[in-house]
Amino acid sequence: MTNEPVSVMFKMYCLSVMTLVAATYTVVLRYTRTISSTAMYFSTTAVCITEVIKLLLSLGMLTKETGSFGRLKASIVEHVFWSPKELLKLCVPSVVYAVQNNMAFVALSNLDAAVYQVTYQLKIPCTALCMVLMLNRSLSRLQWFSVFMLCGGVALVQWKPAEATKVQVEQNPFLGFMAIAVAVLCSGFAGVYFEKVLKSSDTSLWVRNIQMYLSGIVVTLAGVYMTEGAQVIEKGFFYGYTPWVSVVVFLASVGGLYTSVVVKYTDNIMKGFSAAAAIVLSTVASVTLFGLQITATFACGAMLVCVSIYLYGLPKQDTTKLPRADTESRQKLITV
């Protein structure tokens, strides 16, 4: 599917919003888990509410796509109530995404937002590996080089993580890194699995989202009561919620859906710039809000990650089609 022709200003708008959402989400989530003086909320309930909001937004988009309430109802009945196998198929990414989203809270409770933003780019090699294994895709030499460069950059960042002086809660950097490791593995697998499901039929993207979010609500609700059930029953589902927590839930809800718009109207190079810009914004915000002390290894590692993201997004060069001049010269050499 080719991208619809849109103006450069619209592309820049999409990328600006995506960058702000990505950077703001990590910074605000970090703030609510480490700086906020109010009672600590239950992260599992925030993940569950996020799934509910995503479901409502997807229903709204499907309503717009179908054009009438009658067609909306028929589509839901056909693809949800009469398609139990499809629902079970979408349970797989639902469980994986639920684990990923909960790991984000664990990671940002133990790592600075800038360190998290850089390290989370490991999702690129994880996704690339899953694409090779599950979709039989191939990577160019430049992409493989950028993958190894990215891993080297993350290793530098984690070698001596930058410390935040204004964070008063106890942190475990190793636990935070392990949480990111689980999150990026989940992100890579779930993203490629969902793409494979989408391409296996002509079912609407919003129908697939509804199927996945319905399963996600059940999975995350079960997670709430399996991990923090007694405390939730005692203190309430929305215990510790503040306006900042609501911002976290809102950004998590719209971020995933907005990404699909960006993917449709932009290319990998612009997405790479967006990811690099989000790293820079998160770093500036962390220095200002959390007293992050930038080290030489962090700066070098972050730079390597930004460059590798750009290189990975460069379009592949088609070597199967030689320029006409080269072809003619080869033919002359053969006849000599």
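The accessible surface of the protein comes to about 18100 Å², and 68% of this area belongs to carbon and sulfur atoms. Accessible areas were computed by the Shrake-Rupley method with a 1.4 Å probe, and for residues only the protein chains shown count as cover. The model is a predicted one, in which local features need pLDDT of at least 70 and side-chain atom pairs count only at pLDDT 80 or more, whereas totals for chains, interfaces and linings use all residues. Residues are numbered from 1 along each chain as its sequence is written, and side-chain values use heavy atoms, with hydrogens and water left out.

The protein has 14 helices and two strands; helices (H or I, at least four residues) and strands (E, at least two) are DSSP runs, numbered from the N terminus. Of the 336 residues in the protein, 45% are buried, where buried means under 20% relative accessible area, exposed over 50%, and partly exposed in between (1.4 Å probe, protein chains only). Among the contacts in the protein with a separation of 6 or more, 89% are accounted for by residues 24 or more positions apart; a contact means heavy atoms within 4.5 Å.

Axes are lines fitted to C-alpha atoms, for helices over the stretch in contact, and angles run from 0 to 180 degrees between N-to-C directions. Angles under 35 degrees count as roughly parallel, over 145 as roughly antiparallel, 65 to 115 as roughly perpendicular and the rest as oblique. A crossing is left-handed if the near helix is turned anticlockwise from the far one by less than a right angle, and right-handed if clockwise. For residue classes, Ala, Val, Leu, Ile, Met, Phe, Trp, Tyr, Cys and Pro count as nonpolar, Asp, Glu, Lys and Arg as charged, and the others, Gly among them, as polar.

Helix H1 (residues 8-34) packs against helix H4 (residues 84-110) at an angle of about 70°, with the axes 9 Å apart. H1 and H4 are therefore roughly perpendicular to each other, and H1 passes H4 in a right-handed crossing. On the H1 side, Tyr25, Thr26, Leu29, Arg30, Arg33 and Thr34 meet Ala104, Phe105, Leu108, Ser109 and Asn110 of H4. By class, this contact of H1 with H4 has five nonpolar, four polar and two charged residues. Arg33 and Phe105 also belong to the surroundings of Ser43, which touches Arg33, Asn102, Phe105 and Glu228 when residues up to four places away in sequence are not counted. Ser43 is located in helix H2 (residues 43-66) and is buried, with a relative accessible area of 12%.

H4 also packs against H8, at an angle of about 155° and with the axes 8 Å apart. The two helices, H4 and H8, are therefore roughly antiparallel to each other, and H4 passes H8 in a left-handed crossing. The residues of the contact of H4 with H8 divide into 21 nonpolar, five polar and one charged. Pro93 lies in helix H4 and is buried, with a relative accessible area of 0%. Leaving aside neighbours within four places in sequence, Pro93 is in contact with Ala190, Tyr193 and Met212. Pro93 and Tyr193 are 100 residues apart in sequence, yet their C-alpha atoms are 7.1 Å apart in space.

The residues of the contact of H6 with H8 comprise nine nonpolar, three polar and two charged. H6 (residues 123-134) and H8 (residues 173-199) pack at an angle of about 40°, their axes being 8 Å apart. H6 and H8 are therefore oblique to each other, and H6 passes H8 in a right-handed crossing.

Pro125 also lies in helix H6 and counts as buried at 12% relative accessibility. Apart from neighbours within four places in sequence, Pro125 is in contact with Val147, Leu150 and Cys151. The C-alpha atoms of Pro125 and Ser146 are separated by 9.0 Å, the two residues being 21 residues apart along the chain. The loop between H6 and helix H7 (141-159) contains Asn136, which counts as exposed at 69% relative accessibility. Most residues other than glycine have a negative phi. Asn136 has a positive phi of about 55° although it is not a glycine.
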